Amino acid sequence: MSKKLFALLALLTVASMMLAACAPAAPAATEAPAEEEPAEEEPAAAFECTDALGCVDVAPGDPIHIAWIQTVTGATGPLGLTNVRGAEVALNEVGFELLGHPIQWDGEDSLCSIEGGQAAGTRIASDPTVVAIVGTTCSGEARGAMPLISEAGMVMISPSNTNPDLTNPEHPDHWAGYLRTAHNDLFQGRIAAEFAFNELGLTSAATIHDGSPYAEGLQAVFADVFAELGGTVTAQEAVNVGDTDMGPILTSIATGAPAVIYYPIFEPEGGYIADQMCDVAGLENTVGMGADGLLTSTFPGAAGDCAVGMYLSGPFVTPEDQADFLASYNELFGEGPAAGFGPHSYDAINMIMGAIEAVATVDADGTVHVPRQALRDHLYATSGYAGLTGTLSCDANGDCATGEALAVYQVTQENVDGSVDLLTNPAFWTP
Amino acid sequence: MLKRLRERISLTDVFMWAVGAFLLYIIIRGSIATLVLGKYSARQWFDIAVSGLAQGSIYALIALGYTLVYGVLRMINFAHSEVFMGGAFTGYFAADYLNQIGQLQSQPVLSLLIVFTVSILTSVGISVLLERIAYRPLRRAPRLVPLITAIGASFVLQYVFRGFFGSQFKSYPEVDALQGNFTLMGDFTIGKIEVLVIISAAVLMLVLYTYVQRTKTGKAMRAVSEDKDVAALMGINVDAIIVRTFMLGAAMAGAAGVLYALMFRNVQFFMGFFPGIKAFTAAVLGGIGNIPGAMLGGIFLGLFESIGPSLFLDGLGIPAPYQMKDAIAFTMLVLVLIFRPTGILGERLATKKA
């Protein structure tokens, strides 16, 4: 009995891994017919809703509902949790209050998968009191959630989706009502390649991704641009989330003797690569380079002395702004951000609150009416917004972070020793 | 004659053998192609093998916990990965404190002993609690019940640690005495940490094996694993022996936690998940319930994972072979289970309890 069970279990595991490794993220089913869903309309005497998508009416004393869809459990949990908390820093600054109403801030765990995103999206979209959403954590979740959210007339800003498809109007994963403060991979990959080739004068590169759409997309853009500039790409490797021993893969990469290894992945795998690179023969002089997934307070300490001198691309922020954010975050949650997208989330919720204030009609008795289409339009029209992650200007497709808002940082010995927080380093280079 | 043969061999068997033969063919073909290609030098093969061996030793230590508990209770203690995490986590606090008062660098041997002790004690504590609270009340329940409880307990432990210590990665301090390499001959080198990991894992496993084979408690453990009820009739306190078994497995996991943290220098509440799955796989690979089997399974798995992608897939021209590392590890498991359904050393168990 038990042996057959084990054989079956093992086979299933292999099958599921193959599927997980190869599935090119099938486009989410989007069969639901596009029916107009009129938001509950109260016949208000003074106010008449003329918005194409309807209005959210908030009676005096009722809360304005802003939801989140984030991955808060599992291996990617810390990333989503940091997003939730980053927004809470901003909400705390206004005392969870907007237009004289309290803010209701709750959400759903979306488990970093398309299905999880779909389930969370269904829950949130069925709640007509939700005005706007901060989400999602993983790009895959947005694929599952956006069709439902878009149809419900809501608007969602993601602090950490970077997959180019989501804001590509030609792509089926592009939906109205979706914006993001995270950097599109197309920008960040290009900046990194230009920095390595033009600034550092390195002519050969290898890349490592972790199978996530985020890392895979970034390294592909990097490799394309690097080759376009005239460099050679010696290897495009991949690790799995959960790998610890990077010796073999680095040894394999060393056979191509690249001058730079670009690994836009997350903790802890990124830390293992940075740490173990020094011990691999043939990589002694190879430059390491990562992206904003590794731009966290804890990364340098985890990577150790070997990480000193490596480069990380990320949002261009001034050290002073960042220090304030980190101080509030630490005070509220008793620890620093566990991942790099907290400031993006902070900006996202601030944009949402600003837009609600701008488009809402407030009656004499304090009732607030938020027209949904106008809210979307206002957010898409954001321009020159001075956020924590640089100057944000949204385009018609939903990308709010432009290439100019990026910078490259260098890890110093002080970061590794823990005396200076990596997040407060001044930018090493800006495009 | 032919008819008898046909009765003995089912269609499923034939299919499985065909799958096995096909996989073997790919592996052999890939290996030959890689070796002909000559991309890696002997030194590089050596480096790859050593890091696989170190990783495998850690898998083996954790796998012992799965196998010991399975041996006496016939249940898979899925919360064992959290026992490992708990040990590594508290070891971190000890190491961090010792580092801050300067002890870790000035007296590395003593400090590491302290760290090991703290972490082993924590793991043992968690494991004893787990047995008492989550498993003992369900001793007579159907087999699937404790399995589900184990998964639940695993979540509880993870999120308790997250609640107390946050979700950030915490980095173990570097021990200066363990930095650098030993030079073997010519340009063959081996990292000091890897030497420490491999040797201490080997010593621990030897101690455990001797304990189970040579001491009275060990004998009682084996008796309980043969038959609980008869063992009780012979005057063995079954509950006490089961607790002892949990403690033994947890001690190995606690030690593995420190070795893991010394090598990879990262602890976090979720760190137990993947090593736990791998170690469980190693235990099945070696023949679950069998102690030397778990050790062998762990080391094999570590080696397959590190050598497999380069050796099998590079020669076939498959891009990014290391992404297939886990697939290779599990393909190996399938291969072993096809030809030896009880795992590498699982024979004795099969005749008695399957």
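Colleague: Is Glu131(B) buried or exposed?

Modeller: This is a predicted model, and its values are computed from the coordinates. Buried means under 20% relative accessible area. Glu131(B) has a relative accessible area of 0%, so Glu131(B) is buried.

Colleague: Which residue forms a salt bridge with Glu131(B), and which residues belong to the network?

Modeller: The closest N and O atoms of the pair are 3.2 Å apart, and the partner is Arg136(B). At 23% relative accessibility, Arg136(B) counts as partly exposed. Through salt bridges with shared partners, one network is formed by Glu131(B), Arg136(B), Arg139(B) and Asp239(B).

Colleague: How many residues apart are Asp314(B) and Lys39(B)?

Modeller: Their side chains meet in a salt bridge with an N to O distance of 3.3 Å. Asp314(B) is buried at 11% relative accessibility, while Lys39(B) is partly exposed at 35%. Asp314(B) sits in the loop between helix H13 (291-313) and helix H14 (325-339) of chain B, and Lys39(B) in the loop between helix H2 (11-37) and helix H3 (42-73) of chain B. The pair thus links distant parts of the chain, and the separation is 275 residues.

Colleague: Which helices does the salt bridge of Arg190(A) and Glu228(A) link?

Modeller: The N to O distance in this salt bridge is 3.7 Å. Arg190(A) counts as partly exposed at 34% relative accessibility, and Glu228(A) is exposed at 59%. The two residues are 38 apart in chain A, and the helices are H5 (residues 185-199) and H6 (residues 213-229).

Colleague: How many salt bridges does the structure hold?

Modeller: A salt bridge here needs a side-chain nitrogen of Lys or Arg within 4 Å of a carboxyl oxygen of Asp or Glu. Over all chains, the count is 18.

Colleague: What is the handedness of the disulfide of Cys112(A) and Cys138(A)?

Modeller: The sulfur atoms of Cys112(A) and Cys138(A) are 1.9 Å apart. Cys112(A) is partly exposed, with a relative accessible area of 32%, whereas Cys138(A) is buried at 10%. The torsion about the S-S bond is about -100 degrees, so the disulfide is left-handed.

Colleague: What torsion about the S-S bond goes with the link of Cys394(A) and Cys400(A)?

Modeller: The sulfur atoms of Cys394(A) and Cys400(A) are 2.1 Å apart, and both cysteines are buried. The link is right-handed, with a torsion of 100 degrees.

Colleague: What is the pairing of the bonded cysteines of chain A in sequence order?

Modeller: The structure has 4 disulfides over all chains. One of them joins Cys49(A) to Cys55(A), with the sulfur atoms 2.0 Å apart. Numbered in sequence order, the bonded cysteines of chain A pair as 1-2, 3-4, 5-6, 7-8.

Colleague: How are H8(B) and H9(B) oriented to each other?

Modeller: The axes of H8 (residues 192-214) and H9 (residues 216-226) of chain B come within 5 Å and cross at roughly 75 degrees. Angles of 65 to 115 degrees count as roughly perpendicular. The two helices, H8(B) and H9(B), are therefore roughly perpendicular.

Colleague: How many charged residues are in the contact of H8(B) with H9(B)?

Modeller: On the H8(B) side, the contact is made by Tyr211(B), Val212(B), Gln213(B) and Arg214(B). H9(B) contributes residues including Lys216(B), Lys219(B) and Arg222(B). By class there are 3 nonpolar and 3 polar residues, and the number of charged residues is 4.

Definitions and conventions. Residues are numbered from 1 along each chain as its sequence is written. Chains are lettered from A and ligands numbered from 1 in the order in which they are written. This is a predicted model: local features need pLDDT of at least 70, side-chain atom pairs count only at pLDDT 80 or more; totals for chains, interfaces and linings use all residues. Side-chain values use heavy atoms; hydrogens and water are left out. Axes are lines fitted to C-alpha atoms, for helices over the stretch in contact, and angles run from 0 to 180 degrees between N-to-C directions. Helices (H or I, at least four residues) and strands (E, at least two) are DSSP runs, numbered from the N terminus. Angles under 35 degrees count as roughly parallel, over 145 as roughly antiparallel, 65 to 115 as roughly perpendicular and the rest as oblique. Contact means heavy atoms within 4.5 Å. Ala, Val, Leu, Ile, Met, Phe, Trp, Tyr, Cys and Pro count as nonpolar, Asp, Glu, Lys and Arg as charged, and the others, Gly among them, as polar. Buried means under 20% relative accessible area, exposed over 50%, partly exposed in between (1.4 Å probe, protein chains only). A disulfide is a pair of cysteine sulfur atoms within 2.5 Å.
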